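Good morning, colleagues. Please take a moment to look at the structure on the screen before we discuss its charged pairs and its core.

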Amino acid sequence: MARAATAAVLAAFATVLFAAAGAQAAPRPPTAAQIERATDRFLAARPAAAPRGGGIPAGGIDGQLFPASRVVSLYGAPQMGQTVLGMHTPAGAAKRLAAQAAPYATLGDRPVIGEFDLVSVFATAGGGPDGLYRSRQADDVIGIYLEQARAVGARLMLDVQPGRSTFSSEAAELSDWLAQPDVDLALDPEWNVGRHGVPGQTPGKVGATEVNAVIRNLAALVREYHLPPKLVVVHQFRRGMVRGRSRIRPRRGVQVLLNFDGIGSPLAKAAGYAGISSTTLFNGFSLFYQRDTPLMKPAAVLGLEPAPDLLLYQ
């Protein structure tokens with residue numbers, strides 16, 4: 001009886017901490033015009049992207065990423081100045097990625113693969129011409145980051161904030177990039193607001209049916225182009241954001257990871273991660289340079305249960 005009572009108290013404590021870690025207010029999304037102006041400034045300061053294809057590094061694309069390896073990733077976009085990728089040039093971000101990955105390679109029990117998590121579909125404050133409240137990343141920008149990733153033996157993840165569009169339709173628009181062997185996909189349910197929602201006002205979510213459709217389509221792409229396995233990341237900071245998680249089905253050639261995006265103290269984040277991590281899918285853990293209080297050290301991150309397969313720095 002005492003053991004049951006203790007377990008109940010610990011569960012309640014973890015729930016409170018998890019709520020603290022996950023109860024973040026949605027940031028105000030940019031307008032399509034703001035994204036366009038920021039894109040123009042970035043491209044004006046950068047040379048043209050290299051052509052697609054060629055120059056593929058061997059590291060990280062020969063087989064399945066997990067559980068043999070661990071991924072360390074930097075998140076953002078050059079149009080998002082408060083993100084890591086927005087604070088650095090692509091070359092500077094590559095140096096930051098190498099520095100951030102180094103302790104995980106030293107302390108951990110797996111080889112580390114670096115990755116850029118580039119926002120490739122932005123949820124926007126206005127509906128735009130088609131009323132879908134999203135703006136797509138310029139191909140030239142994606143090309144620049146893929147070129148930079150390949151230059152340092154890293155991967156590129158295309159992160160989707162669909163607004164009123166759908167994950168499947170936005171992933172289809174990115175299919176030329178996803179047909180590359182070192183390009184992965186991330187889904188951000190916070191910005192998946194449905195046909196009548198407004199990003200930043202409507203709580204976003206996604207169901208297993210939609211996630212499975214994306215996985216199925218990506219697996220078909222892997223088969224068609226004889227690609228090495230790819231990764232689909234689904235962000236979440238509360239359990240209700242991903243409905244029917246037990247029904248999410250990885251397929252041959254596609255590994256699926258749930259990434260905990262909670263913000264807060266190390267104690268709160270650890271409890272939140274423990275409460276939302278999956279026993280059937282792979283798990284990721286986000287760290288926020290400017291918003292976590294304080295930022296967890298790599299040794300503490302590697303001590304989480306279960307050990308994260310992906311570390312995403314924002």
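How many salt bridges does the structure hold? In this predicted model, there are nine salt bridges.

Let me begin with arginine 136 and glutamate 173, whose side chains form a salt bridge with an N to O distance of 3.7 Å. Arginine 136 belongs to strand S3 and glutamate 173 to helix H6, so the pair ties together parts 37 residues apart in sequence. Arginine 136 is partly exposed, at 38% relative accessibility. A network of salt bridges links Asp130, Arg134, Arg136, Glu170 and Glu173.

I turn next to arginine 150 and aspartate 182, a salt bridge in which the closest N and O atoms are 2.8 Å apart. Arginine 150 sits in helix H5, while aspartate 182 occupies the loop between helix H7 and S5, 32 residues apart. Both of these residues, arginine 150 and aspartate 182, are buried.

Another salt bridge joins aspartate 184 to arginine 155, at 2.8 Å from N to O. Here strand S5 supplies aspartate 184 and strand S4 supplies arginine 155. Aspartate 184 counts as buried because its relative accessibility is 0%, and arginine 155 is likewise buried at 0%.

The largest nonpolar core has 77 residues, and Phe116 and Phe285 have the most contacts inside it. Helix H8, residues 208–225, gives the most to this core, with seven residues.

Finally, the surface. Lys205, Arg243, Arg247 and Arg249 form a positive patch there. Lysine 205 lies in the loop between strands S5 and S6 and is partly exposed, with a relative accessible area of 42%.

Note on methods: Residues are numbered from 1 along each chain as its sequence is written. This is a predicted model: local features need pLDDT of at least 70, side-chain atom pairs count only at pLDDT 80 or more; totals for chains, interfaces and linings use all residues. Side-chain values use heavy atoms; hydrogens and water are left out. Patches are made of residues with over 30% relative accessible area and no salt bridge: like charges are joined within 9 Å, nonpolar side chains (Val, Leu, Ile, Met, Phe, Trp, Tyr) within 5 Å. Accessible areas come from the Shrake-Rupley method with a 1.4 Å probe; for residues, only the protein chains shown count as cover. A salt bridge is a side-chain nitrogen of Lys or Arg within 4 Å of a carboxyl oxygen of Asp or Glu. Lys and Arg count as positive and Asp and Glu as negative; His and the chain ends are not counted. The place of a charge is taken as NZ of Lys, CZ of Arg, CG of Asp or CD of Glu. Helices (H or I, at least four residues) and strands (E, at least two) are DSSP runs, numbered from the N terminus. Buried means under 20% relative accessible area, exposed over 50%, partly exposed in between (1.4 Å probe, protein chains only). A nonpolar core is a set of buried Ala, Val, Leu, Ile, Met, Phe, Trp, Tyr and Cys residues joined through side-chain atoms within 4.5 Å.
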